[in-house]
Amino acid sequence: MWDDPADIEGELLDIEAQQPSEAQKARMLAMARQAIAVALEGGQAPEPKAEDDFMALRAGVFVTLREKRGRGRSGPGRLRGCIGHMQPDQPLYRVVPDMAVQAATADPRFQPMTPKELGGVTIEIAILSPISAVNDRDEIELGKHGLVLT
């Protein structure tokens, strides 16, 4: 079970109880794309800011990049990068752009993305629920819950 230290900035987000609005989703996607663009050009991203209370909440996040070409009947585009941070120790406004840049530049399965590729990828952001113990395998919903095995 995750220990919620009191000295970390922001409250924990329970994503199952509080979902982002469409505007907040769009803002996170824009933040991710902007952070990737700046990083791929070799620049330094501006210091992120919490634009609302939701973005100040702490949660684990995974960012997945997929190629746009090849989408359609065959499902989502081919994976181009995916990196996540499971611990809810950072606010969304910091962890979303950071994981986006990591997915574009540090996924060991792929070469770092180039600036030319950015327009050809989609960005998916998964906000994680806090880690909790499972007492019965029937509590696990395939396709919804991720697992951390110890």
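Reader: Of the contacts in the protein with a separation of 6 or more, what percentage do residues 24 or more positions apart account for?

Author: Contact means heavy atoms within 4.5 Å. Residues 24 or more positions apart supply 77% of the contacts in the protein with a separation of 6 or more. The model is predicted: local features need pLDDT of at least 70, side-chain atom pairs count only at pLDDT 80 or more, and totals for chains, interfaces and linings use all residues. Residues are numbered from 1 along each chain as its sequence is written, and side-chain values use heavy atoms, with hydrogens and water left out.

Reader: What does the protein average in pLDDT?

Author: pLDDT is the predictor's confidence in each residue, from 0 to 100. The protein averages 84, and 84% of the residues score at least 70. Over residues 1-8 pLDDT stays under 50, and the model has twelve contacts beyond four places in sequence for them.

Reader: In what order do the elements of the protein run from the N terminus?

Author: Helices (H or I, at least four residues) and strands (E, at least two) are DSSP runs, numbered from the N terminus. Here the order is α-β-β-α-β, which comprises two helices and three strands.

Reader: Which strands pair with β1?

Author: Two strands pair if DSSP finds at least two bridges between them. Strand β1 pairs with β2 (residues 79-85) in the antiparallel sense over six bridges, and with β3 in the antiparallel sense over seven bridges. Val63 has Ile83 as its bridge partner in β2 and Ile125 as its bridge partner in β3.

Reader: Why is strand β1 described as largely enclosed by the rest of the structure?

Author: Buried means under 20% relative accessible area, exposed over 50%, and partly exposed in between (1.4 Å probe, protein chains only). Strand β1 (residues 61-67) is largely enclosed because five of its seven residues are buried. Of the 150 residues of the protein, 30% count as buried.

Reader: Is Asp107 buried or exposed?

Author: Asp107 is buried, with a relative accessible area of 3%. This residue lies in the loop between α2 (92-105) and β3 (121-127). Leaving aside neighbours within four places in sequence, Asp107 is in contact with Gly81, Cys82, Ile83 and Gln102.

Reader: With which side chain does the side chain of Asp107 make a polar contact?

Author: A polar contact is a pair of N or O atoms within 3.5 Å; within protein, one must be able to donate a hydrogen and the other to accept it, and residues adjacent in sequence count only if both atoms are side-chain atoms. The partner of Asp107 is the side chain of Arg109, at 2.6 Å.
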